[in-house]
Amino acid sequence: MRKKIVAGNWKMNKSLKEVEHFAKAFIDITSDSDLKRSEVMLFAPYIFLSTLQSHFSKKNIIIGAQDVSEHEKGAYTGEVSAPMLKSIGIKYCIVGHSERRKYHTETNDQLREKLIRLYENKITPVFCCGEQLEERNNGNHFNVVRNQIIDSVLSLSEEMYKNIIIAYEPIWAIGTGVNASPDEAQEMHAFIRQLFSDEAGKEFAAQLRILYGGSVSPENSESLFARKDIDGGLIGGASLAAESLYSILQSSNA
Ligand code: PGA
């Protein structure tokens, strides 16, 4: 049985005060049994990682980074390396979010390098993939997602990607309030699982966790998470308030 994941992606939101408020509120409403059946992860801006780690040190909640440099160290002003994340105890990191691909022109090759840096530092990647609306309307969505995964992930050795978590995030669904329907998401998740089955074997594919992201909310999470190949969500807007993230967590335990 694959354990579900409820992962918040805070993007570039919150002040220190708001982070502390969230942490207190989330700890107040979440019991240990809520955290047994699904894993909760919070992907926060770098400067809040240590604060969150100290707030959640006694809770079974994983704190992760939203990005990592493809370089190991050196003259890259403003960048944060995988060894730095490792040095503060970070074990999970998002790679290839569509906002990084779009606003920072990150390429599949660059993302492949990032995955290697994470592997070297024993950090588990949450690798994002997903198509634009035009690509879906042209019937090209499966090709786009296949190429993203093959170029960045499956071109590595299995040893390097064995712990990966995939997040399917159709770009047209991110931050728009229009989520992929459970059928559309399930169809793509099954496609991704089959791709891994073909390339890495049935057993690998059977344990691979594939999250859905794009306008997940307390209203739609239960019907999305109920589908066979959807192992939880990567949640942006609805993860910013403790109450709505908690409702989504409850639906993952339903
Ligand atoms: P959203 O963002 O839930 O606000 O659509 C999801 C994401 O970008 O990870």
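In this predicted model, a backbone N or O atom of Ser-215 lies 2.8 Å from an oxygen atom of the ligand.

| Residue (backbone atom) | Distance to a ligand oxygen atom |
|---|---|
| Ser-215 | 2.8 Å |
| Gly-175 | 2.6 Å |
| Gly-237 | 2.9 Å |

On its own the ligand has 290 Å² of accessible area, of which the protein covers 95%. The shell around the ligand comprises 13 residues, and those that come nearest are Lys-11, His-97, Glu-169, Gly-175 and Ser-215. By class, the shell residues divide into four nonpolar, seven polar and two charged.

The aromatic side chains are considered next. The model contains eight aromatic pairs. One of them joins Tyr-161 and Phe-196, with 6.1 Å between the centres and 75 degrees between the planes, an edge-to-face arrangement. Tyr-161 belongs to helix H9 (residues 158–161) and Phe-196 to helix H10 (residues 182–200), so this pair ties together parts that are 35 residues apart in sequence. Tyr-161 counts as buried because its relative accessibility is 4%, under the 20% limit; Phe-196 is likewise buried, at 0%.

Tyr-161 also pairs with Phe-204: the ring centres are 5.5 Å apart and the planes stand at 85 degrees, so this pair is edge-to-face. Phe-204 lies in helix H11 (residues 202–207), and the pair links parts of the chain 43 residues apart. Both Tyr-161 and Phe-204 are buried.

Elsewhere, ring pairs link Trp-10, Phe-22, Phe-26 and Phe-56 into a cluster. The charged end of Lys-14 sits over the ring of Trp-10, at 4.9 Å from the ring centre.

Conventions:
Residues numbered from 1 in each chain as written. Predicted model: local features only at pLDDT ≥ 70, side-chain atom pairs only at ≥ 80, totals over all residues. Heavy atoms only, no water. Near = heavy atom within 4 Å. Polar contact = N/O pair within 3.5 Å; in protein donor to acceptor, adjacent residues only side chain to side chain. Areas by Shrake-Rupley, 256 points an atom, 1.4 Å probe, with all protein chains shown as cover. Nonpolar A, V, L, I, M, F, W, Y, C, P; charged D, E, K, R; others polar. Phe/Tyr/Trp six-rings, centres within 6.5 Å; stacked < 30°, edge-to-face > 60°. Helix = DSSP H or I, 4+ residues; strand = E, 2+ residues; numbered from the N terminus. Buried < 20%, exposed > 50% of the residue type's maximum accessible area, 1.4 Å probe, protein only. Lys NZ or Arg CZ within 6 Å of the ring centre and 35° of its normal.
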